[in-house]
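Subject: Structure handover

Hi,

Here is the structure I promised to pass on to you. My notes on what turned up in it follow below.

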Amino acid sequence: MTSQQRQNWLIAVPVIALLLWSVIYPNAAVIAGSFENGLGHWREFLASPADREALRTSIVISVASVFASLAIGVPLAFLLGRFEFPGRRLLRAVATLPAALPPLVGVIAFLFLYGESGVVTRAIQRTFGMAEAPWRLQGVGAIVFVHAYTMYVYVFLFVSAGLERFDATLDEAASGLGANTWQRLRRVTLPLLMPAIAASMLLVFMNALGSFSAPYVFGGGLRVLSTQILASKTNGAMGLAYVETTVLALSAVAGLGLFRWLDRKRKYTLASKGGRARRTIRSRRIQRLTSIFAAIIVVALVLPHLMVVLVSFARDGSWTTQVLPPEYTLENYRRLFSESELWRPIYNSVSMALIATAANLVVCFVAAYLIVFRQFAGRGLLELLVALPWAIPATAIALGLAATFNRNDLATGRILLVGTFWILPLAYFIRDTPLVASAVESSLRQMDASLEDAARGLGASWLMTMRRVILPAARPGLVAGGLLAAVTAVGEFVASVVLYTHSNRPISMEILAQLRALAFGTAAAYSVLLILLVLLMTLAARSFEERLA
Amino acid sequence: MTAAPQAREGVGQGSERGTLALNGVTRRFGEFTAVDNVSVEVAPGELLALVGASGSGKTTTLRVAAGYEIPDSGTVTLGGKDITRVAPERRGFGMVFQHYALFPHMPVEQNVAFGLEARGVNKVDRLIKARAALASVGLEGAGDRAIQSLSGGEQQRVALARALVIEPQALLLDEPLSNLDPTLRQAMRDDLRAMLRRVGVPALFVTHDQEDAFAIADRIALLKRGKLLQSGTPEELYHAPISREVAAFIGRGSIIPAEDKGATAVVTIGGMKRDLNVTRPKGSASHFDNAFVVMRPDALELSRQPGVLAWRGRVVNRRFAGGVVVYRVELADGVIVDVESIAADAHEDDNVSISPLKGPFPLVPG
């Protein structure tokens, strides 16, 4: 073994061991748990109509969410990418806004707007003098509605990026060869955008499958796998919960495999010196219609945010049957900062997010460095380990942790974390590992590998090379990945709902608790605070990056 | 060489071949005038090169001809018919793009057949025609290959086959050779000229490389800052440039101030006067107040002996160019000339004498 190899192993072994212990072990424990009495739990699962329904509904919702997101995201990307019209810049600015809403906050905003006692619903009911609400925000339709709003952003961003990289001369070549607009779209533009579309479809599918907040709040009597798991766990039917978790994870892996397979034929990449210029819409009438349409979308996109802000000033308990909340106050915010029980979740969320992010930065930097620059036997394994949590729904990750770290048993590598503060930072850390690692990896890949050799050749020590060459190269990825991790962690709901305790409850759980107590104003104030935290972290990351760059 | 004749037999949309003409075309982008009142004509079977430095407006001119740009003023006609506002997909022109613009998601054959597909030609016929077109550019049997597996030269041929298979009314080529390596480029010049000739439609191509233009084109239109400086045969541009700018761009040589005497011009260097035979641009003024002669390297003679009537100078650079040696010689008054000589025995820093051959030398206004 050369000294280089020895060094590789010295760094790699702790990282691989940590990931095996935190990622593989809990999931393996879940799978093993599902077989703890032979096939008994599996028979139970297969025999249960509720579970069969949950599996079916989960898949129906995921597929429907994919198509609903496509239906919004693709046309919007074309409209904004290819045409110039009054209001385009405003629409572009707000088009990604839904992604800035933490998952549970988006759901609440929809509840305030379109729920049975929501503003829009009541306004329509009053206007037309209906005896009942015109619709109920419940069931598959409601869940897909919320999913489409929050997840179309993936489709929009991927297709927009594809259009930006799209080589305009290909379109021109096709038209020069006699292809009309429709033929060009069908034979050239869409096939070339297919990789971007497929990648975004996969993202939406995975997110919808693992989604918890929308089914939890709007499900009504509806069962989906993620909520079934929590229900089984709450009822103490751990064996069944293990089976449900395994099925959920397998569905995700199957989806992943399916999309990889659909995209298998691609051998080309879109690389060009920039897309074509946007076309001004010539017809006055169509231009006006486009602008009106754009205005409607802008309102629809901004309304949930405005609604949360508005309700955050509503006096708790005052909003009963009115269209809009009748009384406004600063009381909700004042209480968040003055009452220790209300302040607690904010402190928890911020500190747990910071701890998880710090761990992510250290572990993912080392992992990415090893993956990009070092050749050693365990590299493939390490790559798999950092990417794996992305394919596992958060509910499954959380249940794995709950099943594994529920007692102290050093012989089997178990320590008691359930019920302690540390279980949530660990869950956040696992969820965000793929995010941070891939960001750092892509930064490091842009660095010329010979720079490290050059630095060593010039006499720099290993430490100096790290500090002066590798870390600066990784920095953009560390900042971007760290920001994403912190933002996700501070609003995290799906894993938290499985693992939280009263003392370490994060903001999301407190929002849910306040909603249950019908304290809409307080719940909304927490939501606004969460949005502000996300904004603050984004600004901090940007100014940090600017100062260093 | 099957595609082109076949193309002629299977003519779809009007077989009469017409001259492609741009008449006083102007195209502005905001404040910037990319093409300024340019008129050019290309007869069927003729090859016209649009030549100019980058930013001269040559590509925009080509795009106007193709229909991708609509001129702010002026017209485009084909066989006398105004097609200025006809969309590219209805022009029936074959275009070869600078980076070829081959569809990366289709194999070679589908790329070539695409124009036929757009015209609703059935699958069997379009495959037959696509294969014939591929054969005509020397790519038999390459139909199933992926675009990514082709070399630059092969991609260029596929792009050409794709443009030819639709039986184009005109051929437009944007820097068709610029992406090829130098050796391939030499060979492709001859091939390209032969293939374009065979098709027998007006062919307009853009290049920044005058050697490409010399080798391929029947006529050259030289553009600068959107304006047409001169158009004519390569010989005309080389031997009878109409302005200093044309002389500077086309061919090598030094442009030296002279005193216009009508049929001759007097050049004075270091006090030594020589009266040179000159050719004046067609239809130019009978006298230029500010006149220059163009001294090409092959119109001067170098000698190691001091001649009575020769200009004295010093060799500053010597470049072996096959059969001849090109010397760069610094004369008096800071005048620098390039001289081609079969004599190889002068070296850098040698003193030499330079005398003009009998000419005539192009005379241009300043």
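To start with a term: buried area is the accessible area, taken with a 1.4 Å probe, that two parts lose on being put together, summed over both. Two words on conventions before the findings. This is a predicted model, in which local features need pLDDT of at least 70 and side-chain atom pairs count only at pLDDT 80 or more, while totals for chains, interfaces and linings use all residues. Residues are numbered from 1 along each chain as its sequence is written, chains are lettered from A and ligands numbered from 1 in the order in which they are written, and side-chain values use heavy atoms, with hydrogens and water left out.

**Between the chains**

Chain A and chain B bury about 1,900 Å² between them, and carbon and sulfur atoms give 61% of that. On the chain A side, A:Glu172, A:Leu177 and A:Arg187 lose the most area to chain B, together 36% of what that side buries. Counting contact as heavy atoms within 4.5 Å, 21 residues of chain A meet 22 residues of chain B.

There are three salt bridges between chain A and chain B; the term means a side-chain nitrogen of Lys or Arg within 4 Å of a carboxyl oxygen of Asp or Glu. A:Arg187 pairs in this way with B:Glu117, and their closest N and O atoms are 2.5 Å apart. Helix H8 (168-176) and helix H9 (181-210) of chain A each supply at least two residues of the side that touches chain B; helices here are DSSP runs (H or I, at least four residues) and strands likewise (E, at least two), numbered from the N terminus. That side of chain A divides into nine nonpolar, six polar and six charged residues. Here Ala, Val, Leu, Ile, Met, Phe, Trp, Tyr, Cys and Pro count as nonpolar, Asp, Glu, Lys and Arg as charged, and the others, Gly among them, as polar.

**Salt bridges elsewhere**

Over all chains the structure holds 38 salt bridges. One of them joins A:Arg335 to A:Asp316, with the closest N and O atoms 3.8 Å apart. A:Arg335 lies in helix H14 (residues 331-338) and A:Asp316 in the loop between helix H13 (284-312) and H14 of chain A, so the pair ties together parts that are 19 residues apart in sequence.

A:Arg88 and A:Glu84 form another, at 3.5 Å between the closest N and O atoms. A:Arg88 is buried at 10% relative accessibility, whereas A:Glu84 is partly exposed at 29%; buried means under 20% relative accessible area, exposed over 50% and partly exposed in between (1.4 Å probe, protein chains only).

**Inside chain A**

Chain A is divided into domain 1 (1-26 + 313-549) and domain 2 (35-285), with bounds that come from an automatic or database domain assignment. Their centres, taken over C-alpha atoms, are 24 Å apart. The contact takes 29 residues from domain 1 and 32 residues from domain 2.

How much area is buried between domain 1 and domain 2 of chain A? The figure is about 2,700 Å², of which carbon and sulfur atoms give 81%. A:Val323, A:Trp390 and A:Leu399 supply 22% of the area that domain 1 buries against domain 2, more than any other three residues. Across this domain interface the rule finds zero salt bridges. The side of domain 1 that touches domain 2 divides into 21 nonpolar, seven polar and one charged.

Best wishes
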